Amino acid sequence: MSTTADWTLLIYIAGDNDLDSFGMKDIKEMKVHGSSDKINVIVQRDTARLGAGTARYRITKAAGLAKDKVMDLGETNTGDPAVLADFLAWGMKNYPAKRTMAVLWNHGNGWDDTDIYAEAKKRGLSPATRPGAGAAARRAGPISRGSLPSGFVRRSAAKRRFRGSFFLTAWQFEKGDGPRRAIAFDDDAQDFLDSVEMKNVFDTAAKNAGKKFDLIGMDACLMSMVETGVQIRNATAVFCGSQEVEPGDGWPYERILKELHATPTMDGKTLAALIAKQFVASYGKDDAVTQAAVDLAALDGVVKAANALGTKLAGVLKKKDMAVRGSISYARTISQGYEHPDYVDLCDFAVNLASVWPAAAADAKAIVAAVSASVFANYAPNAKVKRSRGLSIYLPPAKISPLYANLDFAKGGWGKFLTAYAPKK
C-alpha cells in the first residue's frame with residue numbers, strides 16, 4: 001500500500017456569513033464517504049456562530065464532526081490572504097498526495113472586487129449586525145430588510161438562497177444599471193479576499209510546493225470567467241466553476257466523493273469534468289445552473305483571441321465610429337447574460353457581434369475555437385442559460401470599474417477596448 005494518498009482535497013469553507021448553515025450541510029455530505037488511505041478530505045471552516053471560531057478537520061465517516069477535528073484556530077479573518085495561505089501550506093505539508101485540489105467555498109462575484117463593506121459604511125450601515133449575543137448562537141440568516149436604507153436590499157429568507165461570489169455577502173444594491181452585487185467575505189472582520197490577493201496566495205502555494213495544483217475549484221457564484229482563469233493559471237492546471245449564480249446547496253459533495261473513491265487514480269481533468277456534470281445533475285430542470293471545467297494550459301488561446309478582438313474594437317472606437325459602437329451595444333444586449341449585469345458569455349457576444357458587424361467574423365471564429373479548446377466540460381441545460389459556453393467576460397454597459405486595471409487580463413487588448421467603450425467611473 002502506498003504511503004502517499006492519490007488525492008488531497010483542501011476545502012476552504014468561509015462561512016462567517018449568511019451561508020453558514022450550508023457549510024455544515026456540505027460537511028455532512030462529505031462525511032458519507034469521508035477520507036481513506038487514498039483520499040484526504042481536509043476542511044478549514046469558519047462559522048457565523050458566536051464564539052465558535054475556526055477549525056480544521058480531516059473528514060471521516062465516523063459519527064460526529066468532533067472526532068474529525070485536528071486543530072482549533074480560534075477566530076480568523078477568512079478575507080485575510082495569510083489565513084488561506086497558511087491553510088494551503090499546512091494541508092499540503094501534512095497530507096501529501098499525488099494530486100491536490102483546492103476549493104474556495106463561499107459567496108462569489110467573479111472578478112469584481114468592489115468593497116461592499118466600505119459602501120455600507122458610506123451609507124451609515126452596519127453590515128455585520130445580527131441578533132444574538134453571549135452564549136446565544138448567531139443566526140445564520142439574512143439581516144432584516146428593515147435595517148437597510150432605500151437602495152440596499154437583502155434576499156428574502158423565504159426565497160432559495162444563492163451563493164453570491166467567493167468573496168461576497170448576500171447584499172445587493174441598486175445602481176443605474178440595475179442590481180449589483182459587491183464583494184465581501186468575512187462579516188465579523190468586514191473583509192474579503194480580492195482577485196489580486198487570490199492570485200498571490202495560489203501562486204505562492206504552488207511555488208512553495210514545487211508544483212501546480214491539479215485542480216482549483218470555486219464552489220461559489222459567477223467565477224467561471226476569463227479574468228479569473230488568467231489570475232490563477234500559473235498556479236493550477238485545471239479550473240472549474242459556474243458562470244451563473246449557484247444555489248445555496250452548492251456542490252453535491254456526496255456524489256463527487258462517491259465517484260472519486262471509486263476511481264481515486266483519476267486525474268484533475270477527469271475530476272473537474274465529473275464535478276461539472278454532477279453539480280448540474282443534482283439540481284432540477286427549472287434551476288438555471290451552469291458549471292464548466294477549463295484547461296488553463298489552453299487558456300492562452302482564449303486570451304489571444306479576445307485581445308485581438310479587443311484591439312480591433314479599440315482602434316475603431318477611437319475613430320468615433322458610432323455605427324460600430326451601436327453594433328457592440330446591440331450585440332451585448334442580446335448576448336447571454338448573468339445575475340451580475342456586467343458579465344456576458346464571451347462566445348455568444350463574439351458571435352452576435354459578428355452577425356451585425358461582419359468585420360468581426362474572423363475574430364468570432366477564433367474566439368469560439370479557442371474557448372472550445374480550453375473548456376473541456378460545460379453544462380448549462382436550462383433555457384435561461386443555454387447559450388453559456390463556459391467562460392464569461394467583463395463587458396459593462398456603461399462605466400468600467402477602476403479596479404479592473406488591477407487584473408492581469410486587463411492589460412491587453414480587451415482592457416484597451418473597455419477603456420474606449422466604457423470610460424472609467
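## A mixed sheet and its salt bridges

Strand β5 runs parallel to strand β10 (residues 215-219), and five bridges join them. Strands and helices here are DSSP runs numbered from the N terminus, with at least two residues (E) for a strand and at least four (H or I) for a helix. Two strands count as paired if DSSP finds at least two bridges between them.

Before going further, a word on the model: it is predicted, so local features need pLDDT of at least 70 and side-chain atom pairs count only at pLDDT 80 or more, while totals for chains, interfaces and linings use all residues. Residues are numbered from 1 along each chain as its sequence is written, and side-chain values use heavy atoms, leaving out hydrogens and water.

### The sheet

Let us stay with β5 for a moment. Seven of the nine residues of this strand (residues 97-105) are buried, so β5 is largely enclosed by the rest of the structure. Buried means under 20% relative accessible area, exposed means over 50%, and partly exposed lies in between (1.4 Å probe, protein chains only). β5 also pairs with β1, in the parallel sense and over eight bridges. In that pairing, Ala5 stands opposite Ala97 in β5.

Strand β1 (residues 5-14) is joined in turn to strand β2 (residues 39-46) by eight bridges, and these two strands run parallel. Here Leu9 has Val41 of β2 as its bridge partner.

Which strands make up the whole sheet, and in what order? Nine strands form an open sheet of mixed pairing, ordered β4-β3-β2-β1-β5-β10-β11-β13-β15. β4 (69-74) and β15 (375-379) stand at the edges with a single partner strand each, so one side of each has no neighbour in the sheet. On average, neighbouring strands of this sheet are turned by 15 degrees against each other, direction ignored. The angle is taken between axes, which are lines fitted to C-alpha atoms (for helices over the stretch in contact), and angles run from 0 to 180 degrees between N-to-C directions. As a general point, side chains in a regular strand alternate between the two faces of the sheet.

Thr54 belongs to strand β3 (residues 54-58) and is buried at 1% relative accessibility. Its C-alpha atom is separated by 5.7 Å from that of Glu75, although Thr54 and Glu75 are 21 residues apart along the chain.

### Salt bridges

The whole structure holds 13 salt bridges, each defined by a side-chain nitrogen of Lys or Arg within 4 Å of a carboxyl oxygen of Asp or Glu.

| Pair | N to O distance |
|---|---|
| Arg45 and Asp20 | 3.0 Å |
| Lys69 and Asp72 | 3.3 Å |
| Lys269 and Asp295 | 3.8 Å |

Arg45 and Asp20 form a salt bridge. This pair links distant parts of the chain, with Arg45 in strand β2 and Asp20 in helix α1 (residues 20-31), 25 residues apart. Arg45 is buried at 6% relative accessible area, and Asp20 is buried as well at 5%.

The Lys69 and Asp72 bridge has a partly exposed lysine, with Lys69 at 37% relative accessibility, and an exposed partner, with Asp72 at 53%.

Lys269 and Asp295 also meet in a salt bridge. Lys269 lies in helix α7 (residues 268-281) and Asp295 in strand β13 (residues 291-295), so that pair links distant parts of the chain, 26 residues apart. Lys269 is partly exposed at 36%, whereas Asp295 is buried at 18%. Elsewhere, Lys25, Glu29 and Asp249 are linked in a network of salt bridges.

### Cysteines and the surface

How many disulfides does a search of the whole structure find? It finds zero, a disulfide being a pair of cysteine sulfur atoms within 2.5 Å. Cys221 is buried at 0% relative accessible area, and Cys240 is likewise buried at 0%.

On the surface, Tyr330, Ile334 and Val356 form a nonpolar patch with about 240 Å² of accessible area together. Patches are made of residues with over 30% relative accessible area and no salt bridge, joining like charges within 9 Å and nonpolar side chains (Val, Leu, Ile, Met, Phe, Trp, Tyr) within 5 Å. The areas come from the Shrake-Rupley method with a 1.4 Å probe, and for residues only the protein chains shown count as cover. Tyr330 sits in helix α9 (residues 322-334) and is partly exposed at 45% relative accessibility.
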